[in-house]
Amino acid sequence: MTDQTHDRLLIIDFGSQVTQLIARRLRELNVYCEIHPFQQVTDAFLAEFQPKAVIFSGGPASVFAEGAPMPPKSVFDLGVPILGICYGQQVMMHVLGGKVERGHGTAEFGRAYVTPEARKLALLDGWFAADREQVWMSHGDHVSEIAPGFEVYGTSPNAPFAITGDTARNFYAVQFHPEVHHTPNGAMLYENFVRMAGFKGDWTMGAYREEAIAKIRAQVGDGKVICALSGGVDSSVAAVLIHEAIGDQLTCVYVDHGLMRKDESEQVVGMFREHYNLPLIHADESDLFLGRLEGVSDPETKRKIIGGLFIDVFEKYAKEIGGADFLAQGTLYPDVIESVSFSGGPSVTIKSHHNVGGLPERMNMQLVEPLRELFKDEVRALGRELGLPPSFIGRHPFPGPGLAIRCPGEITRAKLDILREADAVYIDQIRKHGLYDDIWQAFVAILPVKTVGVMGDGRTYDYACALRAVTSVDGMTADYYPFSHEFLGETATRIINEVPGINRVTYDITSKPPGTIEWE
């Protein structure tokens with residue numbers, strides 16, 4: 001938890017897939033909030049956290065189920081405003097004396113319309129622009145009787161208590177999800193709620209920068225810090241912020257594992273040496289990584305080899321600088337949230353995430369993670385605050401294992417060279433057409449298959465490649481970018497003409513889920 005500099009809003013998570021969107025809506029209003037699973041929210045937790053307001057998220061459970069997620073009853077005695085969303089509404093009614101019933105024909109999934117009651121409610125100020133408002137419903141059970149003290153302020157065809165409130169206690173509840181895109185004006189409800197709760201809206205990147213610098217200095221003292229600099233936005237912002245805090249006590253290590261994009265190492269190292277003058281080791285370890293990856297085709301094995309070698313390499317360079325007391329990483333808030341299992345049980349591993357997480361234990365170092373309270377867009381805002389070039393702040397995400405996971409099957413230097421050239425052409429096309437900033441991430445994958453082609457009067461037998469471009473907010477869900485056929489045709493022609501070794505180009509239109517953004 002952060003310090004008490006800012007008013008804090010607590011989001012109690014009951015397992016909704018869109019709980020993070022609640023936090024994003026609030027952060028956009030310059031309100032500091034944290035998400036915590038319901039199991040962690042005890043009486044002692046509440047006493048320490050001291051929230052100025054509380055939001056109950058939605059969730060997939062039924063209040064009737066054995067062991068159904070519940071908040072501590074003491075949350076209702078804090079004397080602060082509470083807003084319940086979907087399952088959060090049902091929990092409030094269930095605990096406070098109302099009644100919830102199973103579906104029985106009143107379930108609602110998808111778009112619905114809420115109409116207002118005649119009585120006024122500050123939560124709804126300016127919300128009903130017409131005689132009804134579009135919302136997104138996703139509930140099986142429903143409230144059949146509201147708790148004492150509550151009144152009805154909005155209804156939908158299958159939710160007679162779509163909006164309820166107890167103005168005396170400042171308790172409010174809605175059956176729909178105001179945080180999702182399909183409730184077009186939902187952000188207004190959150191804006192009204194935090195205004196009613198008295199939040200000052202002082203959560204800004206300027207303030208965060210000063211607080212983070214003070215925290216880094218307090219944590220590090222006169223110790224040495226080594227930072228894993230990948231050249232991505234997160235590690236770059238973390239490095240500049242820490243350097244501003246402690247200067248030459250920080251040494252960055254940029255590891256070139258031979259799996260970077262075309263000219264990337266030169267660009268990253270050049271930017272940091274020319275603009276920031278911070279201690280930087282350019283570690284060319286491509287022979288080590290590519291040698292160990294030779295003949296390996298299983299994606300999980302690739303990731304584990306790369307992760308293990310990163311630990312070895314960082315250990316080597318940490319010793320070269322005379323040892324390090326701290327390891328800096330660009331961990332973000334979504335990483336922190338996802339590391340906590342909502343159910344308390346094991347989570348399914350979709351794929352291993354590359355990091356240098358084994359290093360602190362092995363070398364008795366502590367972690368410095370100055371971005372662990374931020375979402376991706378907030379990291380970019382902090383980067384702008386720190387003066388990083390716009391072209392760098394807006395870069396598409398690039399995975400730690402690099403091109404290794406864009407090269408399904410066995411990795412060879414020849415295939416990597418082909419992949420670099422194809423990727424460079426593709427990104428050039430995207431920039432040329434002014435699409436780069438509209439896309440969350442774009443890349444080429446070289447496929448482990450060769451196909452027959454005809455070029456001129458000759459037969460070719462070369463690799464096929466797949467183009468990938470997705471739109472997303474935070475990378476947790478994504479959809480493919482709808483390029484025009486003209487763009488795809490022009491790009492395919494350029495790649496085939498300009499990149500020896502490729503004679504066939506495809507476009508991946510899989511969303512996430514069911515697919516992942518990367519191919520491995």
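The buried residues of helix α3 are Tyr87, Gly88, Gln89, Gln90, Val91, Met92, Met93 and Leu96, where buried means under 20% relative accessible area, exposed over 50% and partly exposed in between (1.4 Å probe, protein chains only). This helix spans residues 87–96 and is mostly covered, with eight of its ten residues buried. Just after α3, Gly97 has a positive phi of about 110°.

This is a predicted model, in which local features need pLDDT of at least 70 and side-chain atom pairs count only at pLDDT 80 or more, while totals for chains, interfaces and linings use all residues. Residues are numbered from 1 along each chain as its sequence is written, and side-chain values use heavy atoms, with hydrogens and water left out. Helices (H or I, at least four residues) and strands (E, at least two) are DSSP runs, numbered from the N terminus.

**The five-stranded sheet**

An open sheet of five strands runs in the order β14-β13-β12-β15-β16, with parallel pairing. Two strands count as paired if DSSP finds at least two bridges between them. β14 (280–284) and β16 (366–368) stand at the edges with a single partner strand each, so one side of each has no neighbour in the sheet. On average, neighbouring strands of this sheet are turned by 30° against each other, direction ignored. In general, strands of a sheet pair through backbone hydrogen bonds, either parallel or antiparallel.

Strand β13 pairs with β14 in the parallel sense over five bridges, and four bridges join β12 to β13, which also run parallel. Val253 has Ile281 as its bridge partner in β14, while Ile226 stands opposite Thr251 in β13.

β13 is mostly covered, and seven of its seven residues are buried. Leu250, Cys252, Tyr254 and Asp256 lie on one side, and Thr251, Val253 and Val255 on the other; both faces are covered.

Thr251 can be taken as an example from this strand, which covers residues 250–256. Thr251 counts as buried because its relative accessibility is 12%. Leaving aside neighbours within four places in sequence, Thr251 is in contact (heavy atoms within 4.5 Å) with Val225, Ile226, Cys227, Pro279, Ile281 and Ile321.

Helix α6 (residues 233–246) lies across β12 (225–228), β13, β15 (326–328) and β16, and runs at about 160° to β13. Helix α7 (residues 264–275) lies across β13 and β14, at about 165° to β14.

**Helix pairs**

Axes are lines fitted to C-alpha atoms, for helices over the stretch in contact, and angles run from 0 to 180 degrees between N-to-C directions. A crossing is left-handed if the near helix is turned anticlockwise from the far one by less than a right angle, and right-handed if clockwise.

| Helix pair | Axis separation | Angle |
|---|---|---|
| α8 (residues 286–293) and α9 (residues 299–320) | within 10 Å | roughly 150° |
| α1 (residues 19–28) and α4 (residues 186–197) | 10 Å | about 60° |
| α6 and α12 (residues 376–386) | within 10 Å | roughly 45° |

The angle between α8 and α9 makes α8 roughly antiparallel to α9; angles under 35 degrees count as roughly parallel, over 145 as roughly antiparallel, 65 to 115 as roughly perpendicular and the rest as oblique. α8 passes α9 in a right-handed crossing. Leu288, Phe289, Arg292 and Leu293 of α8 make the contact with Lys302, Ile305, Ile306, Leu309, Phe310 and Val313 of α9. By class, this contact has eight nonpolar, no polar and two charged residues. In this classification Ala, Val, Leu, Ile, Met, Phe, Trp, Tyr, Cys and Pro are nonpolar, Asp, Glu, Lys and Arg are charged, and the others, Gly among them, are polar.

α1 also passes α4 in a right-handed crossing. There, Ile22, Arg25 and Leu26 in α1 meet Ala187, Tyr190 and Val194 in α4. The classes are five nonpolar, no polar and one charged.

α6 and α12 are oblique to each other, and α6 passes α12 in a left-handed crossing. On the α6 side the contact involves Val233, Asp234, Val237, Val240, Leu241 and Glu244, and on the α12 side Lys376, Val379, Arg380, Leu382, Gly383 and Leu386. These divide into seven nonpolar, one polar and four charged residues.

Val114 is found in strand β6 (residues 108–116) and is buried, with a relative accessible area of 0%. Its C-alpha atom is separated by 6.0 Å from that of Gly154, 40 residues apart along the chain. Not counting residues up to four places away in sequence, Val114 touches residues including Phe128, Arg132, Glu133, Gly154, Ile163 and Phe176.
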